[in-house]
Amino acid sequence: MKVVGYAGSRSAFSKSICLGEKLKTMLREKNIEMELYTARNNVVEECRGCGKCFDEGLCPQDQEDSMEYIRKKILEADLIVLLSPVYLNNVSGAMKTFLDRIGSWVHTLALSGKMGIVVTVTDQSGQEFVSYYLQKLLLQMGCNVVGEYKVVALEELDQEEVIERIVSNIVKAFFDQEQYISTADLENTFQYLKARFVNADMEQYKDESYEIKYWYDSGMAECETFQEVLNLRKLQCRSDVHEV
Ligand SMILES: Cc1cc2nc3c(=O)[nH]c(=O)nc-3n(C[C@H](O)[C@H](O)[C@H](O)COP(=O)(O)O)c2cc1C
(Lines give C-alpha, C1' and ligand atoms only; values in the text may rest on other atoms or scores of the structure.)
Protein backbone atom coordinates (compact mmCIF):
# COMPACT_ATOMS: atom_id res chain seq x y z
CA MET A 1 0.00 0.00 0.00
CA LYS A 2 1.44 3.34 -1.01
CA VAL A 3 0.77 6.71 0.59
CA VAL A 4 1.80 9.88 -1.21
CA GLY A 5 1.55 13.30 0.39
CA TYR A 6 1.83 16.80 -1.03
CA ALA A 7 2.42 19.75 1.27
CA GLY A 8 1.67 23.16 -0.25
CA SER A 9 4.14 25.27 1.68
CA ARG A 10 7.47 26.85 0.75
CA SER A 11 8.23 27.97 4.28
CA ALA A 12 11.63 27.02 5.69
CA PHE A 13 9.84 26.44 9.02
CA SER A 14 6.70 24.92 7.54
CA LYS A 15 4.36 23.35 10.05
CA SER A 16 2.53 21.47 7.28
CA ILE A 17 5.76 19.91 6.05
CA CYS A 18 6.86 19.11 9.60
CA LEU A 19 3.51 17.40 10.19
CA GLY A 20 3.88 15.46 6.93
CA GLU A 21 7.39 14.32 7.89
CA LYS A 22 6.20 13.12 11.29
CA LEU A 23 3.30 11.30 9.66
CA LYS A 24 5.73 9.57 7.32
CA THR A 25 7.88 8.44 10.26
CA MET A 26 4.91 7.12 12.24
CA LEU A 27 3.48 5.31 9.22
CA ARG A 28 6.83 3.61 8.67
CA GLU A 29 6.52 2.16 12.18
CA LYS A 30 3.32 0.46 10.92
CA ASN A 31 5.15 -0.76 7.79
CA ILE A 32 3.31 1.70 5.57
CA GLU A 33 5.53 3.61 3.14
CA MET A 34 4.76 7.27 2.54
CA GLU A 35 6.46 9.58 0.09
CA LEU A 36 6.14 13.28 0.82
CA TYR A 37 6.49 15.92 -1.87
CA THR A 38 6.52 19.59 -0.99
CA ALA A 39 6.35 22.93 -2.73
CA ARG A 40 9.57 23.80 -0.85
CA ASN A 41 11.66 20.99 -2.33
CA ASN A 42 10.12 20.75 -5.79
CA VAL A 43 9.59 23.07 -8.72
CA VAL A 44 5.92 23.32 -9.62
CA GLU A 45 5.30 26.16 -12.04
CA GLU A 46 2.00 27.94 -12.37
CA CYS A 47 -0.39 26.56 -14.97
CA ARG A 48 -0.15 28.59 -18.20
CA GLY A 49 -3.69 27.67 -19.22
CA CYS A 50 -2.88 26.05 -22.58
CA GLY A 51 -5.68 23.51 -22.00
CA LYS A 52 -3.69 20.56 -23.38
CA CYS A 53 -4.38 18.54 -20.22
CA PHE A 54 -8.07 18.66 -21.04
CA ASP A 55 -7.72 18.26 -24.81
CA GLU A 56 -4.76 15.86 -25.10
CA GLY A 57 -4.27 14.43 -21.61
CA LEU A 58 -0.78 15.88 -21.23
CA CYS A 59 0.84 18.92 -19.66
CA PRO A 60 3.75 20.40 -21.68
CA GLN A 61 5.03 22.03 -18.49
CA ASP A 62 5.65 18.58 -16.99
CA GLN A 63 8.86 18.48 -19.05
CA GLU A 64 10.09 21.66 -17.38
CA ASP A 65 9.52 21.03 -13.67
CA SER A 66 8.88 18.36 -11.02
CA MET A 67 5.29 17.63 -11.97
CA GLU A 68 5.82 14.67 -14.30
CA TYR A 69 7.40 12.76 -11.43
CA ILE A 70 4.94 13.86 -8.74
CA ARG A 71 1.96 13.19 -11.03
CA LYS A 72 3.23 9.65 -11.68
CA LYS A 73 3.70 9.04 -7.96
CA ILE A 74 0.17 10.21 -7.16
CA LEU A 75 -1.31 8.01 -9.86
CA GLU A 76 0.57 5.03 -8.39
CA ALA A 77 -0.59 5.77 -4.83
CA ASP A 78 -3.41 4.06 -2.93
CA LEU A 79 -3.92 6.98 -0.58
CA ILE A 80 -3.18 10.67 -1.09
CA VAL A 81 -2.62 13.14 1.74
CA LEU A 82 -3.03 16.82 0.92
CA LEU A 83 -1.48 19.12 3.51
CA SER A 84 -2.23 22.80 3.09
CA PRO A 85 -1.53 25.84 5.20
CA VAL A 86 -4.35 28.39 5.38
CA TYR A 87 -3.19 31.62 3.78
CA LEU A 88 -5.70 34.50 3.87
CA ASN A 89 -8.59 32.12 4.55
CA ASN A 90 -7.74 30.08 1.45
CA VAL A 91 -5.39 27.33 0.31
CA SER A 92 -1.79 28.50 -0.03
CA GLY A 93 -0.75 29.76 -3.46
CA ALA A 94 1.60 26.78 -3.70
CA MET A 95 -1.25 24.33 -3.10
CA LYS A 96 -3.49 26.08 -5.62
CA THR A 97 -0.70 25.96 -8.22
CA PHE A 98 -0.30 22.24 -7.64
CA LEU A 99 -4.07 21.66 -7.89
CA ASP A 100 -4.29 23.63 -11.14
CA ARG A 101 -1.65 21.35 -12.63
CA ILE A 102 -3.70 18.23 -11.89
CA GLY A 103 -6.99 20.02 -12.52
CA SER A 104 -8.00 18.10 -15.62
CA TRP A 105 -8.45 15.00 -13.44
CA VAL A 106 -11.84 16.40 -12.41
CA HIS A 107 -13.11 15.40 -15.87
CA THR A 108 -11.69 11.88 -15.92
CA LEU A 109 -12.11 10.79 -12.28
CA ALA A 110 -8.41 9.95 -12.43
CA LEU A 111 -8.22 9.26 -8.69
CA SER A 112 -10.97 6.64 -8.68
CA GLY A 113 -9.98 3.62 -6.61
CA LYS A 114 -7.87 5.81 -4.31
CA MET A 115 -8.44 7.26 -0.87
CA GLY A 116 -7.70 10.77 0.29
CA ILE A 117 -6.97 12.58 3.53
CA VAL A 118 -7.03 16.35 3.89
CA VAL A 119 -4.97 18.19 6.51
CA THR A 120 -5.22 21.95 6.95
CA VAL A 121 -2.84 23.93 9.14
CA THR A 122 -3.71 27.40 10.40
CA ASP A 123 -2.95 29.80 13.24
CA GLN A 124 -6.61 30.42 13.96
CA SER A 125 -9.04 30.88 11.06
CA GLY A 126 -10.09 29.83 7.59
CA GLN A 127 -10.01 26.07 7.91
CA GLU A 128 -13.67 25.36 7.20
CA PHE A 129 -13.46 26.65 3.66
CA VAL A 130 -9.99 25.26 2.89
CA SER A 131 -10.84 21.80 4.19
CA TYR A 132 -14.16 21.79 2.32
CA TYR A 133 -12.47 22.94 -0.89
CA LEU A 134 -9.71 20.31 -0.79
CA GLN A 135 -12.17 17.53 -0.03
CA LYS A 136 -14.47 18.68 -2.81
CA LEU A 137 -11.63 18.65 -5.35
CA LEU A 138 -10.46 15.17 -4.38
CA LEU A 139 -14.05 13.97 -4.60
CA GLN A 140 -14.41 15.50 -8.07
CA MET A 141 -11.33 13.52 -9.10
CA GLY A 142 -13.04 10.30 -7.96
CA CYS A 143 -11.14 9.96 -4.68
CA ASN A 144 -12.84 8.61 -1.57
CA VAL A 145 -11.97 11.12 1.17
CA VAL A 146 -11.67 9.10 4.35
CA GLY A 147 -10.46 11.77 6.76
CA GLU A 148 -10.09 15.49 7.39
CA TYR A 149 -7.88 17.05 10.03
CA LYS A 150 -7.84 20.69 11.05
CA VAL A 151 -4.65 21.52 12.91
CA VAL A 152 -4.51 24.85 14.73
CA ALA A 153 -0.78 25.27 14.96
CA LEU A 154 -0.80 27.76 17.84
CA GLU A 155 -2.81 25.34 19.97
CA GLU A 156 -1.49 21.97 18.87
CA LEU A 157 1.82 22.22 20.68
CA ASP A 158 1.83 18.45 20.69
CA GLN A 159 1.03 17.33 17.15
CA GLU A 160 1.74 13.71 18.01
CA GLU A 161 -1.86 13.08 19.03
CA VAL A 162 -3.26 14.37 15.71
CA ILE A 163 -0.72 12.37 13.77
CA GLU A 164 -1.57 9.24 15.73
CA ARG A 165 -5.22 9.76 14.77
CA ILE A 166 -4.27 10.13 11.10
CA VAL A 167 -2.18 6.95 11.25
CA SER A 168 -5.07 4.99 12.81
CA ASN A 169 -7.40 6.42 10.17
CA ILE A 170 -5.06 5.27 7.38
CA VAL A 171 -4.53 1.79 8.87
CA LYS A 172 -8.29 1.29 9.26
CA ALA A 173 -9.10 2.64 5.78
CA PHE A 174 -6.60 0.21 4.21
CA PHE A 175 -7.95 -2.65 6.27
CA ASP A 176 -11.55 -1.86 5.25
CA GLN A 177 -10.49 -1.33 1.60
CA GLU A 178 -12.33 1.96 1.54
CA GLN A 179 -10.78 2.82 -1.82
CA TYR A 180 -13.32 0.46 -3.36
CA ILE A 181 -16.36 1.70 -1.45
CA SER A 182 -18.54 4.25 -3.20
CA THR A 183 -20.45 7.06 -1.51
CA ALA A 184 -23.52 9.12 -2.43
CA ASP A 185 -21.26 12.10 -3.29
CA LEU A 186 -19.05 9.98 -5.54
CA GLU A 187 -22.13 8.52 -7.27
CA ASN A 188 -23.47 12.04 -7.91
CA THR A 189 -20.14 13.20 -9.29
CA PHE A 190 -19.94 10.17 -11.57
CA GLN A 191 -23.49 10.59 -12.91
CA TYR A 192 -22.95 14.30 -13.57
CA LEU A 193 -19.73 13.69 -15.51
CA LYS A 194 -21.07 10.66 -17.35
CA ALA A 195 -24.04 12.68 -18.60
CA ARG A 196 -21.57 15.31 -19.81
CA PHE A 197 -19.03 13.07 -21.57
CA VAL A 198 -20.99 9.98 -22.58
CA ASN A 199 -23.97 10.76 -24.77
CA ALA A 200 -25.03 10.50 -28.41
CA ASP A 201 -23.69 14.00 -29.24
CA MET A 202 -20.29 13.36 -27.69
CA GLU A 203 -19.68 9.87 -29.10
CA GLN A 204 -18.76 11.31 -32.51
CA TYR A 205 -15.76 13.10 -30.89
CA LYS A 206 -14.43 9.87 -29.38
CA ASP A 207 -11.32 9.87 -31.56
CA GLU A 208 -10.64 13.60 -31.28
CA SER A 209 -11.24 14.42 -27.64
CA TYR A 210 -8.90 12.93 -25.06
CA GLU A 211 -11.53 13.17 -22.34
CA ILE A 212 -14.30 11.41 -24.25
CA LYS A 213 -11.88 8.75 -25.46
CA TYR A 214 -10.73 8.26 -21.84
CA TRP A 215 -14.30 7.65 -20.69
CA TYR A 216 -14.72 4.90 -23.30
CA ASP A 217 -11.22 3.36 -23.15
CA SER A 218 -11.18 3.19 -19.34
CA GLY A 219 -14.47 1.27 -19.32
CA MET A 220 -16.25 4.01 -17.34
CA ALA A 221 -18.67 4.76 -20.17
CA GLU A 222 -20.17 1.30 -19.80
CA CYS A 223 -20.59 1.52 -16.03
CA GLU A 224 -24.00 2.38 -14.66
CA THR A 225 -22.72 3.36 -11.23
CA PHE A 226 -19.48 4.54 -9.68
CA GLN A 227 -19.42 1.37 -7.60
CA GLU A 228 -19.09 -0.51 -10.91
CA VAL A 229 -16.10 1.69 -11.78
CA LEU A 230 -14.52 0.82 -8.45
CA ASN A 231 -15.17 -2.90 -8.98
CA LEU A 232 -13.40 -2.54 -12.31
CA ARG A 233 -10.44 -0.74 -10.69
CA LYS A 234 -10.19 -3.54 -8.12
CA LEU A 235 -10.05 -6.17 -10.85
CA GLN A 236 -7.43 -4.15 -12.79
CA CYS A 237 -5.37 -3.81 -9.63
CA ARG A 238 -5.49 -7.56 -9.04
CA SER A 239 -4.45 -8.38 -12.62
CA ASP A 240 -1.54 -5.87 -12.30
CA VAL A 241 -0.37 -7.75 -9.21
CA HIS A 242 -0.56 -11.07 -11.09
CA GLU A 243 1.42 -9.67 -14.03
CA VAL A 244 4.21 -8.61 -11.66
C1 LIG B 1 0.54 34.73 3.73
C2 LIG B 1 -0.03 34.11 4.97
C3 LIG B 1 -1.37 34.19 5.19
C4 LIG B 1 -1.94 33.62 6.33
N5 LIG B 1 -3.28 33.70 6.54
C6 LIG B 1 -3.84 33.15 7.62
C7 LIG B 1 -5.23 33.22 7.84
O8 LIG B 1 -6.00 33.72 7.03
N9 LIG B 1 -5.73 32.68 8.97
C10 LIG B 1 -4.92 32.09 9.91
O11 LIG B 1 -5.41 31.66 10.93
N12 LIG B 1 -3.60 31.96 9.70
C13 LIG B 1 -3.04 32.49 8.59
N14 LIG B 1 -1.68 32.36 8.38
C15 LIG B 1 -0.89 31.54 9.30
C16 LIG B 1 -0.68 30.14 8.73
O17 LIG B 1 -1.89 29.52 8.39
C18 LIG B 1 0.03 29.23 9.73
O19 LIG B 1 1.20 29.85 10.18
C20 LIG B 1 0.35 27.88 9.12
O21 LIG B 1 0.89 27.09 10.13
C22 LIG B 1 1.38 28.01 8.02
O23 LIG B 1 1.67 26.73 7.51
P24 LIG B 1 3.14 26.44 6.96
O25 LIG B 1 4.06 26.74 8.12
O26 LIG B 1 3.14 25.02 6.58
O27 LIG B 1 3.40 27.35 5.79
C28 LIG B 1 -1.12 32.95 7.27
C29 LIG B 1 0.27 32.85 7.01
C30 LIG B 1 0.80 33.42 5.87
C31 LIG B 1 2.28 33.26 5.59
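**View 1. The ligand sits in the second largest pocket.** This is a predicted model: local features need pLDDT of at least 70, side-chain atom pairs count only at pLDDT 80 or more, and totals for chains, interfaces and linings use all residues. Residues are numbered from 1 along each chain as its sequence is written, and side-chain values use heavy atoms, with hydrogens and water left out. A pocket is an open set of points on a 1 Å grid over the protein atoms alone, where a 1.4 Å probe fits, with protein on both sides within 12 Å along at least five of seven lines. To sit in a pocket, a molecule needs more than half of its atoms within 2 Å of the grid points.

**View 2. The shell around the ligand holds 5 nonpolar, 8 polar and 2 charged residues.** Asp, Glu, Lys and Arg count as charged; Ala, Val, Leu, Ile, Met, Phe, Trp, Tyr, Cys and Pro as nonpolar; the others, Gly among them, as polar. Of the 15 residues around the ligand (a heavy atom within 4 Å), S14, S16, V86, Q124 and S125 come nearest.

**View 3. α1 (15-28), β3 (79-87) and β5 (115-122) each supply at least two shell residues.** The largest share, 3 residues, comes from β3. Helices (H or I, at least four residues) and strands (E, at least two) are DSSP runs.

Note on methods
On a 1 Å grid over the protein atoms alone, a cavity is a set of points where a 1.4 Å probe fits but cannot get out, and a pocket is an open set with protein on both sides within 12 Å along at least five of seven lines; lining residues have an atom within 4 Å of a point.
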